[in-house]
Amino acid sequence: MQDTQAPSQAPSIAPGGFIRRRWALGILLAAAVGAFLVWWLGAQMRDWLGTLSTLQAGMLASLVAGLFTPLGALPIMVLRHISQRLEDALMGFGAGVMLAATAYSLAMPAYEDSLALTGTIGWALMIVCGGIICGGILVWGMDRFVPHEHFALGKQGGADALQIRRIWLFIFAITIHNFPEGLAVGVGYARGDMAAGVALTLGIGLQNLPEGLIVSLGLLAIGYSRLTALGAALLSGLVEPIGGVIGAFAVHVVDALLPFGLAFAAGAMLFVISHEIIPESHRKGHERDATFGVLGGFMLMFVLDKVF
């Protein structure tokens with residue numbers, strides 16, 4: 001009996017690997033283009049906002065940051081869904097940006113201004129810690145008494161009335177989250193440091209991009225049109241300048257409120273990060289991807305803070 005051997009074959013490259021490499025190159029190219037656009041936009045904003053008063057700059061900058069939300073929804077014009085892994089990574093990215101913004105653009109400036117105002121470390125720490133606690137309590141109250149949903153949207157088909165209601169409640173939750181972000185931008189410009197204000201605006205704006213995408217994809221999943229989804233993302237983003245106007249005006253009227261206002265905005269954002277965004281990004285088994293997203297977002301905001 002003669003042994004037969006299968007003819008040897010040269011190793012082939014799986015189509016999936018080729019596609020993954022193309023996606024990786026596409027992501028790197030998009031990141032390079034995005035970095036250039038962020039740098040260019042930051043330079044333009046710094047020159048433009050520098051001609052305005054701190055009150056006007058805070059109001060307009062919060063509007064710019066809010067408009068990043070519908071900008072993030074624009075990909076729905078060419079796609080109808082993304083993977084849950086990518087969604088969780090994007091949410092982690094937003095959390096990382098907010099963490100760095102809270103530390104470098106809000107909490108540290110709040111301490112520096114408190115120290116300059118009071119002259120003692122003890123009083124400065126009390127002002128900052130008191131502001132952080134009050135900011136967290138405000139968002140806790142909104143979270144406690146305003147109806148909304150705590151879950152990351154899945155890809156839903158054949159949605160019933162309950163699913164539709166839950167998705168709109170989730171959109172309302174995103175809208176609530178945008179308020180402390182706008183507050184942070186408005187108060188941030190009150191210090192008169194336009195460079196730091198621009199970095200904060202861009203950081204908050206960048207973390208609004210995935211929020212806009214998630215909101216719009218959720219509406220597409222239950223049968224709404226693309227224009228309706230874009231409109232919902234726009235409306236959720238327009239809450240941000242409301243917070244910006246309140247923060248900028250309050251600090252403009254009473255200068256002594258600036259350190260407390262910065263710490264207050266930091267506390268509000270910290271509550272949102274810990275109570276909402278990070279837990280949602282870890283619910284579907286993609287903790288590693290979400291964590292790397294946090295690292296990427298934190299590093300990006302750190303770079304923006306130092307560059308601008």
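Predicted model: local features only at pLDDT ≥ 70, side-chain atom pairs only at ≥ 80, totals over all residues.
Visitor: In which helix is the place of Phe172?
Guide: The place of Phe172 is in helix α5.

Visitor: Is Phe172 buried, exposed or partly exposed?
Guide: The relative accessibility of Phe172 is 38%. A buried residue would be under 20% and an exposed one over 50%. Because 38% falls in between, Phe172 counts as partly exposed.

Visitor: How far apart in space are Phe172 and Ser236, C-alpha to C-alpha?
Guide: Along the sequence, Phe172 and Ser236 are 64 residues apart. In space, C-alpha to C-alpha, their separation is 7.4 Å.

Visitor: How many helices does the protein chain have?
Guide: Read along the sequence, the chain follows the pattern α-α-α-α-α-α-α-α-α-α. It has 0 strands, and its number of helices is 10.

Visitor: Which element of the protein chain has the highest mean pLDDT?
Guide: For the protein chain, the mean pLDDT is 77, and 75% of the residues reach 70 or more. Among the elements, helix α1 (residues 15-49) has the lowest mean, 59. Over residues 1-20 the pLDDT is below 50, and this stretch has 1 contact in the model beyond near neighbours in sequence. The highest mean, 90, belongs to residues 121-145, which form helix α4.

Visitor: How many contacts does the stretch of residues 151-159 have beyond near neighbours in sequence?
Guide: The pLDDT over residues 151-159 is below 50. Beyond near neighbours in sequence, the contacts of this stretch in the model number 30.

Visitor: What percentage of contacts between residues at least 6 apart in sequence join residues at least 24 apart?
Guide: The protein chain holds 308 residues, of which 47% are buried. Among contacts between residues at least 6 apart in sequence, the share that joins residues at least 24 apart is 85%.

Visitor: What span should helix α2 have at 1.5 Å a residue?
Guide: Helix α2 covers residues 54-72, which makes 19 residues. Its buried residues include Leu55, Ala61, Phe68 and Pro70.

Visitor: Is Gly94 buried or exposed?
Guide: Gly94 has its place in helix α3 (residues 84-118). Gly94 and Gln207 are 113 residues apart in sequence, yet 4.2 Å apart in space, C-alpha to C-alpha. The relative accessibility of Gly94 is 3%, so this residue counts as buried.

Visitor: What separates the C-alpha atoms of Met108 and Ala266?
Guide: Met108 also has its place in helix α3. At 44% relative accessibility, Met108 counts as partly exposed. Met108 and Ala266 are 158 residues apart along the chain, and their C-alpha atoms are separated by 9.8 Å.

Visitor: Why does Leu227 count as exposed?
Guide: Leu227 lies in helix α7 (residues 226-237). From Leu227 to Ile76 there are 151 residues in sequence and 9.6 Å in space, C-alpha to C-alpha. An exposed residue is one over 50% relative accessible area. Leu227 counts as exposed because its relative accessibility is 67%.

Visitor: What is the relative accessible area of Ser281?
Guide: Ser281 lies in helix α9. Leaving aside residues up to four places away in sequence, Ser281 touches Asp88, Met91, Gly92, His286 and Ala290. Ser281 is buried, and its relative accessible area is 1%.

Visitor: Which element gives the most to the lining of the second largest pocket?
Guide: About 150 Å³ of space lies in the second largest pocket. Two or more lining residues come from each of α5 (161-189), α8 (239-253) and α9 (258-281). With 4 residues, the element that gives the most is α8.

Visitor: How many charged residues are in the lining of the second largest pocket?
Guide: The residues that line this pocket include Leu183, Ile246, Gly247, Phe260, Gly261 and Phe264. By class, the lining has 8 nonpolar and 2 polar residues. As for charged residues in the lining, there are none.

Methods. Residues numbered from 1 in each chain as written. Heavy atoms only, no water. pLDDT = per-residue confidence, 0-100. Contact = heavy atoms within 4.5 Å. 1 Å grid on protein atoms, 1.4 Å probe; cavity = no way out; pocket = protein on both sides within 12 Å on 5 of 7 lines; lining within 4 Å. Points joined across faces, edges and corners; volume = space filled by probe spheres on them. Nonpolar A, V, L, I, M, F, W, Y, C, P; charged D, E, K, R; others polar. Buried < 20%, exposed > 50% of the residue type's maximum accessible area, 1.4 Å probe, protein only. Expected span 1.5 Å × (residues − 1).
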